[in-house]
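Trainee: Could we go through this one together? I'd like to begin with the surface and then move on to single residues.

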Amino acid sequence: MSQTNLPFKDGQTVEVRSFEHGYRGAWFRCKVVRIYIVEGKLYYSLKYLDYEKEVVNQKPLDVAHGSWKVGDLVDWHKDDCYWSGTVVALKKNEPLQVELYPPPRGEGATYNALRKDLRPSLEWSFEDGWTLPSADGRQGNVLGSAREM
């Protein structure tokens with residue numbers, strides 16, 4: 001597989017979702033340090049941008065804001081990363097309530113979140129690029145290619 005067929009390049013800023021306990025479902029800004037293949041599997045070496053000493057071996061997202069409603073799948077910015085969950089309650093002029101995905105996909109629990117700290121959750125596939133997922137697991141609208149951050 002040549003680098004021209006890959007969705008990311010060395011040096012590109014991306015986001016990666018964590019599945020580590022305590023950070024499950026959280027997105028972190030990273031820079032692609034190196035892309036390599038071992039035994040036919042694709043790997044990325046990544047450097048966390050907000051956590052200087054962390055380098056991991058293992059996604060860019062469009063940033064958008066909108067009118068939220070109960071059931072929307074969102075990413076919530078808190079503690080220098082994005083946490084994925086679902087809007088479960090909202091009242092005019094008050095913080096929304098966001099329920100994080102339960103383990104093993106997330107950390108669970110419900111939090112108050114400001115609208116300005118939310119963005120829509122997106123899913124990536126080679127076939128469709130970025131799409132809006134639906135709460136029932138079906139894919140939503142195709143967004144085209146993601147913008148580099």
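Mentor: Bearing in mind that this is a predicted model, the protein chain exposes about 9,200 Å², and carbon and sulfur atoms supply 50% of that area.

Trainee: And how much of the protein chain is buried?

Mentor: Of the 149 residues in the protein chain, 38% are buried.

Trainee: What does the secondary structure come to?

Mentor: The protein chain has twelve strands and zero helices, so that reading along the sequence gives the pattern β-β-β-β-β-β-β-β-β-β-β-β.

Trainee: Let's take Glu15 then; is it buried or exposed?

Mentor: Glu15, which lies in strand S1 (residues 13-17), counts as buried because its relative accessibility is 0%, and the cut-off for buried is under 20%.

Trainee: What does its side chain make a polar contact with?

Mentor: The side chain of Glu15 makes a polar contact with the side chain of Arg119, at 2.4 Å.

Trainee: Switching to the backbone, which peptide bond is cis?

Mentor: The bond from Pro103 to Pro104 is cis, with omega near 10 degrees, and Pro104 sits in the loop between strand S7 (96-100) and strand S8 (110-113).

Trainee: What about phi at Ala109?

Mentor: Ala109, in the loop between S7 and S8, has a positive phi of about 80 degrees although it is not a glycine, and at 43% relative accessibility it counts as partly exposed.

Trainee: And Glu39, where is that found?

Mentor: Glu39 is in the loop between strand S2 (26-38) and strand S3 (41-48); Glu39 has a positive phi of about 50 degrees without being a glycine, and it counts as exposed because its relative accessibility is 79%.

Methods:
Residues numbered from 1 in each chain as written. Predicted model: local features only at pLDDT ≥ 70, side-chain atom pairs only at ≥ 80, totals over all residues. Heavy atoms only, no water. Helix = DSSP H or I, 4+ residues; strand = E, 2+ residues; numbered from the N terminus. Buried < 20%, exposed > 50% of the residue type's maximum accessible area, 1.4 Å probe, protein only. Polar contact = N/O pair within 3.5 Å; in protein donor to acceptor, adjacent residues only side chain to side chain. Areas by Shrake-Rupley, 256 points an atom, 1.4 Å probe, with all protein chains shown as cover.
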